[in-house]
Amino acid sequence: MTRASRFPLVIFLAALVGYLLGSVPTAGWIGRASGVDLRSDGSRNPGANNARRLGGTRLAATILIVEIGKGVAAVVTGVAVAGSAGGVAAGLGALAGNVYNVWYRFSGGQGLGISAGILLAAWPLYFPIALGVIALVTAATRRTAKAAL
């Protein structure tokens, strides 16, 4: 098998590893360890925004940092496995794993935290710009879902 013919397989493996990383239900685990069930209370979304409502800022910040870390880990792993194309594939896989989580019957979070981690790892110069836009839209609309768009 030549190197060129192996490349699509390696990209697929990077995406699969990214999906598995993104699907790890860390927000639910962290919430439960703090005495909060994110999947049955509030908006039922296993993300930082629901965690803030139910458990406070510290819980939300912890979940957000872990989700960002999962996005960074996916991109870094994908780059190590298959170069920049692998980083993109793993990042997209991680986002899909977070939003369409196999452990939650193919539903999950909104993917904001993991998207931030993907952006931070793949395009670090654009990360502060994206944070600024999200902050402005959130302040103007008082809705994080609109800021996500």
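## Gly113 and helix H5

Gly113 is buried, since its relative accessible area is 10% and the cut-off for burial is under 20%. This residue is found in helix H5. The model is a predicted one. Gly113 pairs across the chain with Leu95: the two are 18 residues apart in sequence, and their C-alpha atoms are separated by 9.5 Å.

Ala122 also has its place in helix H5. Its setting is another matter. Ala122 counts as partly exposed, because its relative accessibility is 31% and that class runs between 20% and 50%. The C-alpha atom of Ala122 is 6.7 Å from that of Val75, although 47 residues of sequence separate the two.

Helix H4 covers residues 57–99, a run of 43 residues. A straight helix at 1.5 Å a residue would reach 63 Å. The C-alpha atoms at the ends of H4 are only 22 Å apart. Where is the kink in H4 centred? It is centred on Ala82, and the angle is about 145°.

Glu67 takes part in two side-chain links. The salt-bridge count comes to 1. Glu67 and Lys70 are 3 residues apart in helix H4, so about one helical turn separates them.

The side chains of Glu67 and Asn98 are joined at 2.8 Å. Asn98 has its place in helix H4. Asn98 is buried too, because its relative accessible area is 9% and the limit is under 20%.

## A nonpolar surface patch

Which residues form the nonpolar patch on the surface? They are Val88, Leu92, Trp123, Leu125, Tyr126, Ile129 and Val133. Together they have about 770 Å² of accessible area. The elements giving two or more residues to this patch are H4 and helix H6, which spans 127–141.

Val88 lies in helix H4. At 40% relative accessibility, Val88 counts as partly exposed. Val88 and Ile118 are 30 residues apart in sequence, yet their C-alpha atoms are 8.6 Å apart in space. Trp123 sits in the loop between helix H5 (112–122) and H6. Trp123 also counts as partly exposed, because its relative accessibility is 45%, which falls between the 20% and 50% limits.

## Pro128 in helix H6

Pro128 has its place in helix H6. Pro128 is exposed, because its relative accessible area is 52% and the cut-off is over 50%. Thr138 lies 10 residues away from Pro128 along the chain, and the two C-alpha atoms are separated by 15 Å.

Terms used:
Residues numbered from 1 in each chain as written. Predicted model: local features only at pLDDT ≥ 70, side-chain atom pairs only at ≥ 80, totals over all residues. Heavy atoms only, no water. Helix = DSSP H or I, 4+ residues; strand = E, 2+ residues; numbered from the N terminus. Expected span 1.5 Å × (residues − 1). Bend = angle between axes of the 7 residues up to and from the residue. Patch = residues over 30% accessible without salt bridge, like charges linked within 9 Å, V, L, I, M, F, W, Y side chains within 5 Å. Areas by Shrake-Rupley, 256 points an atom, 1.4 Å probe, with all protein chains shown as cover. Salt bridge = Lys/Arg side-chain N within 4 Å of Asp/Glu carboxyl O. Buried < 20%, exposed > 50% of the residue type's maximum accessible area, 1.4 Å probe, protein only. Polar contact = N/O pair within 3.5 Å; in protein donor to acceptor, adjacent residues only side chain to side chain.
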